[in-house]
Amino acid sequence: MTAKQSPIEDVLPLSPLQEGLLFHHVYDEGGVDVYTVQLVVDLEGVVDPEGLRSAAQALLERYPN
């Protein structure tokens, strides 16, 4: 960054909601992001990555996001 550039925070400060989201993210960086994760699934055994990707893609194509 050069002397003429300023950090984005100087131009667009965080809103109170954004500050809260950032706080929770920084407070527990290793945890699940409760604001974006709605379901966590632990898979056991051998997983077919291409099959899993295909199934997820089929869901996204079938139902609107």
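Q: Is Y27 buried or exposed?
A: This is a predicted model, where local features need pLDDT of at least 70, side-chain atom pairs count only at pLDDT 80 or more, and totals for chains, interfaces and linings use all residues. Residues are numbered from 1 along each chain as its sequence is written, and side-chain values use heavy atoms, with hydrogens and water left out. Buried means under 20% relative accessible area, exposed over 50% and partly exposed in between (1.4 Å probe, protein chains only). Y27 has a relative accessible area of 66%, so the label is exposed.

Q: How are the rings of F23 and Y27 arranged?
A: There is one aromatic pair in the structure. Rings of Phe, Tyr and Trp (its six-membered ring) pair if their centres lie within 6.5 Å; planes under 30 degrees apart are stacked, over 60 edge-to-face, and the rest tilted. Here the centres of F23 and Y27 are 5.6 Å apart and the planes sit at 25°, so the pair is stacked.

Q: About how many helical turns separate F23 and Y27?
A: Helices (H or I, at least four residues) and strands (E, at least two) are DSSP runs, numbered from the N terminus. F23 and Y27 are four residues apart in helix α2, so the separation is about one helical turn.

Q: Which side chains meet in a salt bridge?
A: The test is a side-chain nitrogen of Lys or Arg within 4 Å of a carboxyl oxygen of Asp or Glu. The structure holds one such bridge, with an N to O distance of 3.0 Å. Both partners lie in helix α3, three residues apart, and they are E50 and R53.

Q: Which residues make the nonpolar surface patch?
A: Patch residues have over 30% relative accessible area and no salt bridge; nonpolar side chains (Val, Leu, Ile, Met, Phe, Trp, Tyr) are joined within 5 Å, like charges within 9 Å. Areas come from the Shrake-Rupley method with a 1.4 Å probe, and for residues only the protein chains shown count as cover. One member sits in the loop between α2 (16-27) and α3 (49-62), and the patch covers about 490 Å².

Q: Where is confidence lowest in the protein chain?
A: pLDDT is the predictor's confidence in each residue, from 0 to 100. The chain averages 80, and 80% of the residues score at least 70. Confidence is highest in α3, at 93, while the lowest mean, 65, belongs to helix α1 (residues 8-11).
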